[in-house]
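Let's take a friendly walk through a protein model, looking at its rings, its helices and its inside. Have the picture open as you read.

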Amino acid sequence: MNREGDGPVLLRRAAAADARAAAGVWLASFTAALPTVVRPRADEEVLDYFHHVLVPLRETWVAEAAGRDVVGVMVLEEGELSQLYLAPDWRGRGIGDRFVALAKERRPEGLSLWTFQVNAPAHRFYERHGFTAVEWTDGAGNEEREPDVRYVWEPWGTGSAVGS
């Protein structure tokens, strides 16, 4: 899946030193994938959140390319896949597939996640990985005030909601 010269991509737990690069991936990916969604936090607030909350307090993973560049980030919070973002020029290389496989391995009892309704590529991606849409909202419950959809994955495929 790598282009020649890209080298291998390693998935590993994030370290404190990865916070800035992981936040940069999040910012670039959000901007590229969700141009119509208003981001409620300034860049520095996103960086602070990665530095003070996500990396030290959550199960945060990064995709590291060629042993130096962070090109993806995934965050698990209990049974939720709360973040999965890839650098825009690293999409379509199987890194997201590897992150989802890792998330399923780490949470074999099942996962849930939220994505925006306008993010059709994410819907296709998660559905391809066995997630099922179970709830749609008007966005009143998220900071962006953007309509979203909740997906669940259960290894036994019953279709009931995780955590219900």
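## Rings that pair up

Rings of Phe, Tyr and Trp (its six-membered ring) count as a pair if their centres lie within 6.5 Å; planes under 30 degrees apart are stacked, over 60 edge-to-face, and the rest tilted. By that rule, ring pairs join Trp-26, Phe-30, Tyr-85 and Phe-116 into a cluster. Before going on, note that this is a predicted model: local features need pLDDT of at least 70, side-chain atom pairs count only at pLDDT 80 or more, and totals for chains, interfaces and linings use all residues. Residues are numbered from 1 along each chain as its sequence is written, and side-chain values use heavy atoms, with hydrogens and water left out.

The structure holds six aromatic pairs. Take Phe-30 and Phe-116: their ring centres are 6.4 Å apart and their planes sit at 90 degrees, so this pair is edge-to-face. It ties together distant parts of the chain, with Phe-30 in helix H1 (residues 19-33) and Phe-116 in strand E5 (residues 111-116), 86 residues apart. (Helices, H or I with at least four residues, and strands, E with at least two, are DSSP runs numbered from the N terminus.) Both Phe-30 and Phe-116 are buried, where buried means under 20% relative accessible area, exposed over 50% and partly exposed in between, using a 1.4 Å probe and protein chains only.

## Helix H1

How far apart are the end C-alpha atoms of H1? They are 21 Å apart, which agrees with the 21 Å that its 15 residues should span at 1.5 Å a residue; the expected span is 1.5 Å times one less than the number of residues.

Buried residues of H1 include Ala-22, Val-25, Trp-26 and Phe-30. Among the elements covering the buried residues of H1 are helix H2 (43-57) and strand E2 (59-65).

## Two nonpolar cores

A nonpolar core is a set of buried Ala, Val, Leu, Ile, Met, Phe, Trp, Tyr and Cys residues joined through side-chain atoms within 4.5 Å. The largest one here has 27 residues, and those with the most contacts inside it include Met-74, Leu-81, Phe-99 and Tyr-126. Helix H3 gives the most to this core, with five residues. Apart from it lies another core, of 21 residues, among them Leu-34, Val-46, Val-55 and Phe-116.

Leaving aside neighbours within four places in sequence, Leu-81 is in contact (heavy atoms within 4.5 Å) with residues including Met-74, Ala-103, Leu-113 and Tyr-126.
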